[in-house]
Amino acid sequence: MSERKVPKLRFAGFTDDWKQRKLGEVVFQIKSYSLSRNVETNKDTGFKYVHYGDIHRNIAKLISSENNLPSIQKGNYEFLQKGDLVIADASEDYEGIGNACLIDCFLSRNIVAGLHTIALRPTEVNSLFLYYLLHTDIFSKYGKVIATGTKVFGITAKNLLNFEFNLPSETEQQAIGEFFKQLDDTIAFHQREWEKYKNLKISYLEKMFPQENENKPQLRFPNFTDAWKQRKLKDISQKVLEKNLNMEFLETFTNSAELGIISQRDFFDKDIANVNNLSGYYIVRNNDFVYNPRISNFAPVGPIKRNKLGRSGAMSPLYYVFRVCDEIDFAFLETYFSSTKWHSFMKENGDTGARADRLSIKDNVFIEMPIYFPTLPEQQAIGEFFKQLDDTIAFHQRELEKYKNLKNGYLKQMFV
């Protein structure tokens, strides 16, 4: 008795076996054109085209607007329409073989398939169902088998159309396609909100702290009018010199530009520090600040982060650990160090030296860093405002990851 062809997970009411089909049996191939971004005549605004680079940049997204597509001159072309799929036939990334996009809007302008693409018009298969099928491991494995090349991987239309897959009833196809479309819409919503609030934070960081040589910010809360004070870091903090001599703390912390102060085990999935060396590590208490001299795209002069773990731990003497006085609100100073206001001082006084990934700055120079700050009530208002912004950003980031993981899980279980 042959094994039933059904997915592990499906909607209620569907019980029939899925039927095996070839892609070439359920789609019609539309002509693609060798329209390159480098061709001078492609700058006319008459028509648009989908380039394979557009597909790779928008992997797993549906084309719902033609606004971001490049233009071409008018000509005698075979145009795309809602429901068509465009597949990249070349990729520099092994994981990008056969990346696909779906035209998911009624186009107000004529669009054609451009360089290194294979365009398909579904005839006996639901467009959304096929689009999501092409993002499963089932198709990915097939794409890697038929791909040719070493540095650039390519697939041919002939091999693509020979792709065999299992197809449910039209009603079940539609249900699956719409389900994943709703997931994608939710992912896109949280992506937009995450980006929106991140950009808002960048804008507020610029406006809610004074510009260079000024003592008042452009934007502040009502009833706060006093000029901000300028102090040096050494005036509002002191370096932590407390060593872990008695091996009181065996948990080591690290300072991540993206994640902040985090347990080394959580960051690296293992302990990096040698437990025998922990006696020479500094003790980092809750709300202590730590400067990490390692520079990156996220932290061009190295990050300064606050320990918000609610517990103490040990940290390498490569870091500069400091504790601030009662005159300073923790959240305010943390926000200040998430801005770029202090970067110019570090660039002027630091040196990358032989280690291009680290900024070298002496302690007695580092503590001369100028810090502007207002009255404590205004500090607290600013700190709370940015905490709410950070909480909103973190919420959308968590939701984004949650729905992405859900989608990946469903893609594995809802196709066969």
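These notebook entries record what I looked up in a predicted model of a protein.

**Conventions.** I number residues from 1 along each chain as its sequence is written, and I use heavy atoms for side-chain values, leaving out hydrogens and water. Because the model is predicted, I take local features only at pLDDT of at least 70 and side-chain atom pairs only at pLDDT 80 or more, whereas totals for chains, interfaces and linings use all residues.

**Overall.** I found 12 helices and 22 strands, taken as DSSP runs numbered from the N terminus (helices H or I, at least four residues; strands E, at least two). The protein has 416 residues, and 44% of them count as buried; buried means under 20% relative accessible area, exposed over 50% and partly exposed in between, with a 1.4 Å probe and protein chains only. I then looked at contacts (heavy atoms within 4.5 Å). Of those between residues at least 6 apart in sequence, 78% join residues at least 24 apart.

**Aromatic pairs.** I paired rings of Phe, Tyr and Trp (its six-membered ring) with centres within 6.5 Å, calling planes under 30 degrees apart stacked, over 60 edge-to-face and the rest tilted. The count by this rule is 28 aromatic pairs. One of them is Phe209 with Trp228, edge-to-face, at 5.8 Å centre to centre and 80 degrees between the planes. Both residues lie in the loop between helix H6 (170-207) and strand S13 (229-232), 19 residues apart. Phe209 is buried at a relative accessible area of 1%, and Trp228 is buried at 4%.

I also examined Phe322 and Phe337, an edge-to-face pair with 6.2 Å between centres and 75 degrees between planes. This pair links strand S21 (residues 320-324), which holds Phe322, to helix H9 (residues 330-338), which holds Phe337, across 15 residues. Phe322 and Phe337 are both buried.

**Helix H4.** Which residues of H4 (residues 137-146) are buried? I noted Phe139, Gly143 and Ile146. They lie on the same side of H4 because they cover an arc of only 70 degrees around the axis, the arc being that of the directions from the helix axis to the C-beta atoms. In general, an α-helix has 3.6 residues a turn, so residues three or four places apart point the same way. The exposed residues Lys141 and Val145 sit on the face of H4 turned away from its buried side. Cover for the buried residues of H4 includes helix H3 (127-133), strand S11 (153-154) and helix H5 (157-161).
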